[in-house]
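Work through the exercises below with the sequence and the coordinates open. Each task is followed by a solution in steps.

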Number of protein chains: 2
Amino acid sequence: MASISILGAGNWGTTLAILLHSNGQKVNLWEFRPKYAERLRSLRENKESLPGVLIPSDIFISSHLQEVVRGAEIIVFAVPSHVLREVAKGLAKIELDLALIVSVVKGLENNTLLRMSQVLEEELPPKFRDSIAVLSGPTIATEVCQGIPTAVVVAAREEKVTRKVQSIFMAPTFRVYTNGDVIGVELGGALKNVIAIAAGIIDGLGFGANTKGALLTRGLAEIARLGIKMGAQEVTFAGLSGIGDLIATCFSMHSRNRYVGEEHAKGIPLPEILSSMVMVAEGVKTTKAAYELSQRFGVEMPITHQVYRVLFEGHDPRLAVSELMLREATTEIWR
Amino acid sequence: MASISILGAGNWGTTLAILLHSNGQKVNLWEFRPKYAERLRSLRENKESLPGVLIPSDIFISSHLQEVVRGAEIIVFAVPSHVLREVAKGLAKIELDLALIVSVVKGLENNTLLRMSQVLEEELPPKFRDSIAVLSGPTIATEVCQGIPTAVVVAAREEKVTRKVQSIFMAPTFRVYTNGDVIGVELGGALKNVIAIAAGIIDGLGFGANTKGALLTRGLAEIARLGIKMGAQEVTFAGLSGIGDLIATCFSMHSRNRYVGEEHAKGIPLPEILSSMVMVAEGVKTTKAAYELSQRFGVEMPITHQVYRVLFEGHDPRLAVSELMLREATTEIWR
């Protein structure tokens, strides 16, 4: 039995707490708002983001970071991307034995444009550097809670780290693959949210499976183009954290990013959509970051560019699709 | 204006006839049953496979092959895979000027395990050898008829052939990419139907987006493993004729192959499902061919193997999924 601390009691953090608990691990869960932590503790249900799912009574829940991470062998970061650095800073202040660090955050830090594991490397003590893993893939949280078959990928610099995480998370309905490409796994998980917004736009405009098949294929191509320039391996994007996650996110009715695109294509202004949502749609911020990365690395990303224009420059979604369709005839290449 | 003959008035052949006609081409359409050809001619509607769609009056429809292909600059094969050889034999008997040949058939010949363009090469006069192209991608026919944005890929040995086909088929809602990898484009289009049956099984069992994301990713990996051994380029499978078509087929409610898997998972016997369908579900035959190819080339294809067992050996679909989930923990690789 390993002692595991999950930082962040959103739907994914809570789901992983329950999954690991059912795998026989000792699980602590950190919720940053003291009042909500208390509510979770007494209700044993995350009414905000995972209604109807019981949180077993022997999962320890607290808003005191130090209490939660005491004696942890594995610390899982499951917080929104924009607070990751702050939480890591807080953790760094606590005297800790060496633990494995697992990031399940799918985003990029705005302004610095750093991946989540890079932020962790910057903020955590140097001894943690080779113990940081990232876990990603097609993981709609409610489905995992229902025991619906799910497969994910874990990546780290050191193979023994990935094997350890694999053995801890693997379950009969939760299959874990390993991969050595941290950059690719992390970028796939972050950048797919931009394409998910585009997929929502396609849905909102009433288009079909042909359009989505094409969108995801060409979306994957531009993610891979950027990823390769940033040091990722091409083949990773054809894997679970690339096309796999892209597919689940672009088709699930539970995807927040897809939802943002769909509502916006129906004519609802972005601020109104975002303010009506309890949970964070990472893709909106990621679109900004991806757009800036495409310019920094000189990579053509026509879909990302159109999503950026639709979200931040008031461009008409229908016009955006038709501009993509009417680009100059070309060959099907990645690079 | 090019003179184009479409052989096969199923839903895809009819759709392409209408698309090319609206592109300003002169189109002839061949339907092999004289009575049905007559009905199409008088009704101007394909009630069997494309109800509600008008076939313009200046598309010439006939069951006389010679009449249909007279003066053709492009001949499109849009017949079911199991009759392709016979139709090609019939065409070979007719005195023809050199024309471009385009196969849009997604299947493999049972027993010989040949790709469709290989069958055409065997049966057509040698002068056609370098003029054979294949067109594939995410193309649910009814969506193309509705003008829903669609993107496809055309491949041939000679670049000038792909460019010619691209220029003829390209339309504002039908975007055509070129690709030099005939083997990959053809195998992607055929083998995805096996995975589509598996996707239907997933739907029939009530699983979710996570499962489908994983299924399509791992399905793509095994298609690519086989394809590479057969001479295809890996990158093609990440394109429109690979993952793109896989996505559209596995999610569309119009996919016949997905439908077969779904009904079967609900407990309906295969012969009953097949006899109730007007159109051919290519994937059933392709599963047999793919299974034999995996053995011939010594390639591990666990999903194809399970679909084969479910369809032809009475294996329980739920057990098949759980056997795939419980395979030995592994790394995420393609080869």
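A residue is called buried if its relative accessible area is under 20%, exposed if that area is over 50%, and partly exposed in between. The model is predicted.

**Exercise 1.** Classify Tyr308(A) and Phe312(A) as buried, partly exposed or exposed.

Solution. 
- Step 1: Tyr308(A) has a relative accessible area of 16%. The limit for buried is under 20%, so Tyr308(A) is buried.
- Step 2: Phe312(A) has a relative accessible area of 29%. This value falls between the limits of 20% and 50%, so Phe312(A) is partly exposed.

**Exercise 2.** Describe the geometry of the ring pair Tyr308(A) and Phe312(A), and place it in its helix.

Solution. 
- Step 1: Two numbers are needed, because a pair of aromatic rings is described by the distance of the centres and the angle of the planes.
- Step 2: A search over all chains gives five aromatic pairs. One of them is Tyr308(A) with Phe312(A), at 5.2 Å centre to centre and 55° between the planes.
- Step 3: Planes under 30 degrees apart would be stacked and over 60 edge-to-face; at 55° the pair is tilted.
- Step 4: Both residues belong to helix α14 (residues 302-312) of chain A, where they are four residues apart, about one turn of the helix.

**Exercise 3.** Carry out the classification for Tyr308(B) and Phe312(B), then find the charge over the ring of Phe312(B).

Solution. 
- Step 1: Tyr308(B), with a relative accessible area of 16%, is buried.
- Step 2: Phe312(B) is partly exposed, at 29% relative accessibility.
- Step 3: Helix α14 (residues 302-312) of chain B holds both residues, four residues apart.
- Step 4: Lys288(B) lies over the face of Phe312(B), 4.5 Å from the ring centre.

**Exercise 4.** Check the span of helix α8 of chain A against its expected value, and locate its kink.

Solution. 
- Step 1: Helix α8 (residues 182-204) of chain A has 23 residues.
- Step 2: A kink of about 25° in α8(A) is centred on Asn193(A).
- Step 3: Of the 23 residues in α8(A), 20 are buried, making the helix mostly covered.
- Step 4: Just after α8(A), Gly206(A) has a positive phi of about 80°.

Technical notes: Residues are numbered from 1 along each chain as its sequence is written. Chains are lettered from A and ligands numbered from 1 in the order in which they are written. This is a predicted model: local features need pLDDT of at least 70, side-chain atom pairs count only at pLDDT 80 or more; totals for chains, interfaces and linings use all residues. Side-chain values use heavy atoms; hydrogens and water are left out. Rings of Phe, Tyr and Trp (its six-membered ring) pair if their centres lie within 6.5 Å; planes under 30 degrees apart count as stacked, over 60 as edge-to-face and the rest as tilted. Helices (H or I, at least four residues) and strands (E, at least two) are DSSP runs, numbered from the N terminus. Buried means under 20% relative accessible area, exposed over 50%, partly exposed in between (1.4 Å probe, protein chains only). A charge sits over a ring if NZ of Lys or CZ of Arg is within 6 Å of the ring centre and within 35 degrees of the ring normal. The expected span of a helix is 1.5 Å times one less than its number of residues. The bend at a residue is the angle between axes fitted to the seven residues ending there and the seven starting there.
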